[in-house]
Structure formats: structure tokens, C-alpha cells
Amino acid sequence: MSTSISKHLNSRQLIGLRKIGDILAPGDGEFPSFSNLACEREVDRVLDCMPMQDVSDLKMLLSVVSFVPFFWLKWKLHAVEWMWERGIPIGSLGRMIRLGFRGLVYSLYYSGGKPYEVMGYNVGVYLGDQKKH
């Protein structure tokens with residue numbers, strides 16, 4: 001019986017995912033951080049739907065990221081965001097990495113209920129105008 005969190009990512013790659021997650025969703029005020037929510041536990045729900053080549057590329061990138069010091073990675077990602085916001089070309093690879101990390105992290109972060117609770121966002125259907133029989 002396997003005790004691994006993911007059937008796709010090993011422990012080293014999960015460290016990389018948590019690093020990226022905590023940079024993009026660090027938590028502040030009432031919002032919990034990516035790692036405090038243990039968002040990585042749901043990563044297979046996203047990776048199961050991805051093409052295998054994309055999963056393979058992501059695994060390689062997360063493996064590398066896991067060895068990069070947190071402060072350097074945070075600085076680099078913020079530099080890419082700064083350049084993006086100002087229209088400075090970052091190249092196609094930079095755009096793809098930015099888009100991929102943001103998509104994965106935010107999909108996992110907002111798939112749970114806690115961020116919505118903090119925002120006071122509740123999805124529901126109003127039935128007050130329905131006739132009662």
C-alpha cells in the first residue's frame with residue numbers, strides 16, 4: 001500500500017509544488033497559505049486531465065524548483081510578474097511557465113472551501129420566488 005500523496009508526483013516534486021504554491025498563494029490576514037491548506041493533496045485531480053507530455057515537463061520543472069532556494073525563486077517569480085504587468089517581453093517559455101504555475105496553483109487553492117469562506121462567497125440557488133404547493 002502506497003502512502004504517497006500523488007500517483008504522479010514524488011516527494012521532491014511535491015516540495016517544488018508547495019514552494020510555488022506558497023509564493024503565489026502565501027496567505028495573509030484570514031487567508032491560509034497554499035501549504036497550510038495542503039492543496040497538494042488534490043494535485044492528481046488536475047494532473048489526471050493533463051496530457052502526459054505536459055505532466056512529464058511539469059515533473060521535471062518541479063524537481064528543479066525543489067532545489068532552488070525559496071527566496072531566489074520568490075524573487076524570480078515576482079520579477080516575471082513585474083515584467084508581465086509592464087508589458088516587458090519575457091519570452092514564450094517565461095509566459096508558459098507563468099501561466100502553467102498560476103493555473104495549477106490557483107486551481108488547487110480555490111478548489112477547496114476555505115478561501116471562499118473567507119471571502120464570504122457562497123454559491124446557492126434562490127428559491128424564494130417559487131410557489132409552494
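Visitor: Is Glu 81 buried or exposed, and what makes it so?

Guide: This is a predicted model, in which local features need pLDDT of at least 70, side-chain atom pairs count only at pLDDT 80 or more, and totals for chains, interfaces and linings use all residues. Residues are numbered from 1 along each chain as its sequence is written, and side-chain values use heavy atoms, with hydrogens and water left out. Buried means under 20% relative accessible area, exposed over 50%, and partly exposed in between (1.4 Å probe, protein chains only). Glu 81 has a relative accessible area of 14%, so it is buried.

Visitor: Why is the pair of Arg 102 and Glu 81 called a salt bridge?

Guide: The term requires a side-chain nitrogen of Lys or Arg within 4 Å of a carboxyl oxygen of Asp or Glu. The closest N and O atoms of Arg 102 and Glu 81 are 3.4 Å apart, and the pair forms a salt bridge. Arg 102 lies in helix 5 and Glu 81 in helix 4, so the pair ties together parts that are 21 residues apart in sequence. Helices here are DSSP runs (H or I, at least four residues), numbered from the N terminus. Arg 102 is at 26% relative accessibility and therefore counts as partly exposed. Glu 81, Arg 98 and Arg 102 are linked in a network of salt bridges.

Visitor: How many salt bridges does a search of the whole structure find?

Guide: The search finds six. One of them joins the side chains of Glu 40 and Arg 18, at 3.2 Å from N to O. Glu 40 lies in the loop between helix 1 and helix 2, and Arg 18 in helix 1, so this pair ties together parts that are 22 residues apart in sequence. Glu 40 is buried, at 6%, whereas Arg 18, at 25%, counts as partly exposed.

Visitor: What makes Arg 45 count as exposed?

Guide: Its relative accessibility is 56%, so Arg 45 counts as exposed. The side chain of Arg 45 meets that of Glu 42 in a salt bridge (3.4 Å, N to O). Glu 42 is partly exposed, with a relative accessible area of 34%.

Visitor: Which residues touch the most other members of the largest nonpolar core?

Guide: Leu 17, Ile 20, Phe 34, Val 43 and Phe 101 do, out of 23 residues. Helix 1 (11–24), helix 2 (43–47), helix 3 (52–67), helix 4 (70–85) and helix 5 (91–109) are the elements giving two or more residues to this core. The name applies to a set of buried Ala, Val, Leu, Ile, Met, Phe, Trp, Tyr and Cys residues joined through side-chain atoms within 4.5 Å. In soluble globular proteins, nonpolar side chains tend to be buried together.

Visitor: What does Ile 20 touch?

Guide: Not counting residues up to four places away in sequence, Ile 20 touches Val 65, Leu 73, Leu 77, Phe 101 and Val 105. Contact means heavy atoms within 4.5 Å.
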